[in-house]
Protein chains: 2
Amino acid sequence: MVERLLLGPGPSNVPPEVMAAMLRPTLGHLDPDFLACMQRVRERLQQVFRTRNQLTLAASGTGTAGMELVLTNLVEPRDKVVVVVNGFFGGRGVEMAKRLGGEVVEAKFPWGEPADVGAVEKALAAAKPALLYFVHAETSTGVRNEAAALAAAGRKHGALVLMDCVTSLGGLEVDVDRFGVDAAFSGSQKCLGAPSGLAPVTLGERALAKIAARKTPVPSIYLDALWLEKYWGSERAYHHTAPIHMVYAFEEALRLVLEEGLEQRWQRHVAAHRALAAGLQAMGFELLPPAAARLPMLNAVRLRDGIDEAALRKRLLLEHAIEVGAGLGELKGRILRVGLMGVNANRGAAIRFLAAFEECLAAQGAKVPAGAGVAAALAG
Amino acid sequence: MVERLLLGPGPSNVPPEVMAAMLRPTLGHLDPDFLACMQRVRERLQQVFRTRNQLTLAASGTGTAGMELVLTNLVEPRDKVVVVVNGFFGGRGVEMAKRLGGEVVEAKFPWGEPADVGAVEKALAAAKPALLYFVHAETSTGVRNEAAALAAAGRKHGALVLMDCVTSLGGLEVDVDRFGVDAAFSGSQKCLGAPSGLAPVTLGERALAKIAARKTPVPSIYLDALWLEKYWGSERAYHHTAPIHMVYAFEEALRLVLEEGLEQRWQRHVAAHRALAAGLQAMGFELLPPAAARLPMLNAVRLRDGIDEAALRKRLLLEHAIEVGAGLGELKGRILRVGLMGVNANRGAAIRFLAAFEECLAAQGAKVPAGAGVAAALAG
């Protein structure tokens, strides 16, 4: 098996300390030593989310399970939900809310553009929804939505605020309490640097009050937030068997995040992004989103006509052992998604990509100035 | 961190080969090498479930997620469901089916007794349900229900047959196709010997036809069976990011199961159970279920009055590094649950438990014939 440099939209590479932690001896999921480990995960997650929310835990599934946990507990049939849609993952929110019987109003914006907060406000004022749902870092387009402003708009219009921060948490400022977000979820395998398999979630008091007031039962036991709280909290009531080794790994990944410091980590992601963006520009490539709305950890690179995107990705993977992501939906074949997440958020990874990208373009006969990308990244 | 001998109701200890496989380099979840790994998992699971079902895969969650996948896809609001209840996990099935809007008829039997197939037949004849749900190996009581007979009864009365084989798969005969089971689920961490975190599921043609005929959408994306099939099948459509390292571990665990051989593995579980049961009997303890309905891998040991169950378990864990399980629900404080699953299904583990059990009983002042349990297990 060949080691890959994982520069796609996630998973990112896992640091050796986290791999080592995964190999601790198996414990029972109600063992006092394991309960102490869960408690540390909980406290570290509160720091990473920047929240005092008691109900902060790692659900036993991937980021998609986190999305589903938040929506399944908070959307009741006939609830009005305004969903901000400017990419694939906003669309996922629409579909999931509809499956739960929610009456969805989409606040739609072009893929590659950030949501216009004023337009979202108008949608909120018109719909008076119970819930506002948005994606902080839209992984499909590399766009950053203005989380604090969107959350403030939602609160102003009396909506509970739900945030997807799968790609942003640990790589870009997320401050659940200051933003005024009522429920948020993420994934373990992107900027947090753990293997895929856990979904950090946090729910505040207003969210818990909505769950307590439900007229219908939550249509899931596995993702029932109040029941999970009894398992993660002081009651330790049996709910399911936690994925022990994943929790070990995640505990260590969170320790590394906090040891580095959140601000430092955000800055490191920005620095890596700047090197990559400078290199791409020198090679004549542009990023999809406008400059002010670009994510540091996920770079959507517009491809010129005539470049065979699938062949390019295949060559990157097989000849250079570098994985990057394809475009989703309407962007398929038109962009590459280059992630610099977690341990891969550094100039070295950006340069390794730029050099390999140049070789793959040349192999397709595309004209690229030799060495220009790497030189610009080094200079930036 | 101390290594424990995990003789509870799961997780069991993980073999070193499986631990080593978990540490393979991280791959992207759409990497061709990872897709090949998924394909091997699928083929091995078909052998372990003894099924030709195409839709056979490992869902990205624990056994409870497997239960939820099967019920969420197959129970529509107002569907009649007969649920066999003779323990905690049958009760879980009732609750989950109700949350999905199913009209549940419970076929109830005392905890510790197997389901009476004739009585279930009567319930089926009276209710004419769309679905029959039962637990093969009731982890809460150590009882084996007659899976083949229950499935035949369900089919005879036109019901789709859903089976929980979380505790039986890999440790007791499960033959999905011969039994006539339409959908089954399990967990990775019991007799299959992988870490907790994956839920093997299999759905047959009749189950798929029911899903295709649904009038309402499946109220989950994460556990949407048809969408998961597109991800695991030839389309490789993006659905979620699989827990890569868990899948590595599971692939290896399944290889070990098949290398040993299913029949040999079942026999090994029976032999370990016989040694344990002989030892317990010599010490004056009985198992809860009648002899003909006892599970080999999960032994519910009746405690005599005057034994402090919680103190006994605590001493086993802290002084002997052996974990066993408590009773659930109405059996709390009245039984111990001793699992001999996966690598722990051997006479050595049974003897280690019996010796430690004797010491813990003596520490409470209970009268036990010295060495009788170990001697009987050695002789058996």
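This is a predicted model: local features need pLDDT of at least 70, side-chain atom pairs count only at pLDDT 80 or more; totals for chains, interfaces and linings use all residues.

Biologist: What makes a stretch a helix, and how are the axes of α11 and α14 of chain A placed?

Modeller: Helices are DSSP runs of H or I with at least four residues, strands are runs of E with at least two, and both are numbered from the N terminus. Helix α11 (residues 262–282) and helix α14 (residues 372–379) of chain A pack with axes 7 Å apart, at an angle of about 145°. An axis is a line fitted to C-alpha atoms, for helices over the stretch in contact, and the angle runs from 0 to 180 degrees between N-to-C directions.

Biologist: Which residues meet between α11(A) and α14(A)?

Modeller: From α11(A), those that meet the other helix include A275(A), L276(A) and G279(A), and from α14(A) they include G373(A), V374(A) and A377(A); contact here means C-beta atoms, placed from the backbone, within 7 Å. The residues of this contact divide into 10 nonpolar, three polar and no charged, where Ala, Val, Leu, Ile, Met, Phe, Trp, Tyr, Cys and Pro are nonpolar, Asp, Glu, Lys and Arg are charged, and the others, Gly among them, are polar.

Biologist: Why are α5(A) and α6(A) called roughly parallel?

Modeller: The axes of α5 (residues 117–127) and α6 (residues 147–156) of chain A come within 10 Å and cross at roughly 20°. Angles under 35 degrees count as roughly parallel, over 145 as roughly antiparallel, 65 to 115 as roughly perpendicular and the rest as oblique, and α5(A) and α6(A) are therefore roughly parallel to each other. The contact is made by V117(A), V120(A), E121(A) and L124(A) of α5(A) with A149(A), L150(A), A153(A) and G154(A) of α6(A), and its residues divide into six nonpolar, one polar and one charged.

Biologist: How do you know that the span of α2(B) is close to what is expected?

Modeller: The expected span is 1.5 Å times one less than the number of residues; α2 (residues 32–49) of chain B has 18 residues and reaches 26 Å from first C-alpha to last, close to the 26 Å expected. Its buried residues include F34(B), V41(B), L45(B) and F49(B), and just after this helix R50(B) takes a positive phi of about 55°.

Biologist: Why does R50(A), in the other chain, count as partly exposed?

Modeller: A residue is buried if 20 or more other C-beta atoms, placed from the backbone, lie within 10 Å of its own, exposed if 12 or fewer, and partly exposed in between; with 16 such neighbours, R50(A) counts as partly exposed. R50(A) lies in the loop between α2 (32–49) and β2 (55–59) of chain A, and has a positive phi of about 55° although it is not a glycine.

Biologist: And why is K128(B) called exposed?

Modeller: K128(B) has 12 other C-beta atoms within 10 Å and is therefore exposed. K128(B) also has a positive phi, about 45°, although it is not a glycine, and its place is in the loop between α5 (117–127) and β5 (131–135) of chain B.

Biologist: Why does V105(B) count as partly exposed?

Modeller: V105(B), in strand β4 (residues 103–108) of chain B, has 18 C-beta neighbours inside 10 Å and so counts as partly exposed. Beyond residues up to four places away in sequence, V105(B) touches K80(B), V82(B), A123(B), A127(B) and P129(B).

Biologist: Where are the cis peptide bonds joining G10 and P11 in each chain?

Modeller: The bond from G10(A) to P11(A) is cis, with omega near 5°, and P11(A) lies in the loop between β1 (5–6) and α1 of chain A. In chain B, G10(B) and P11(B) are joined by a cis bond with omega about 5°.

Biologist: How many residues of chain A are in contact with chain B?

Modeller: On the chain A side, 52 residues are in contact with 52 of chain B. The elements giving two or more residues to that side are α1 (16–22), α3 (63–74), α4 (88–99) and α10 (244–260) of chain A, and the residues of that side divide into 23 nonpolar, 19 polar and 10 charged.

Notes. Residues are numbered from 1 along each chain as its sequence is written. Chains are lettered from A and ligands numbered from 1 in the order in which they are written. Two residues are in contact if their C-beta atoms, placed from the backbone, lie within 7 Å.
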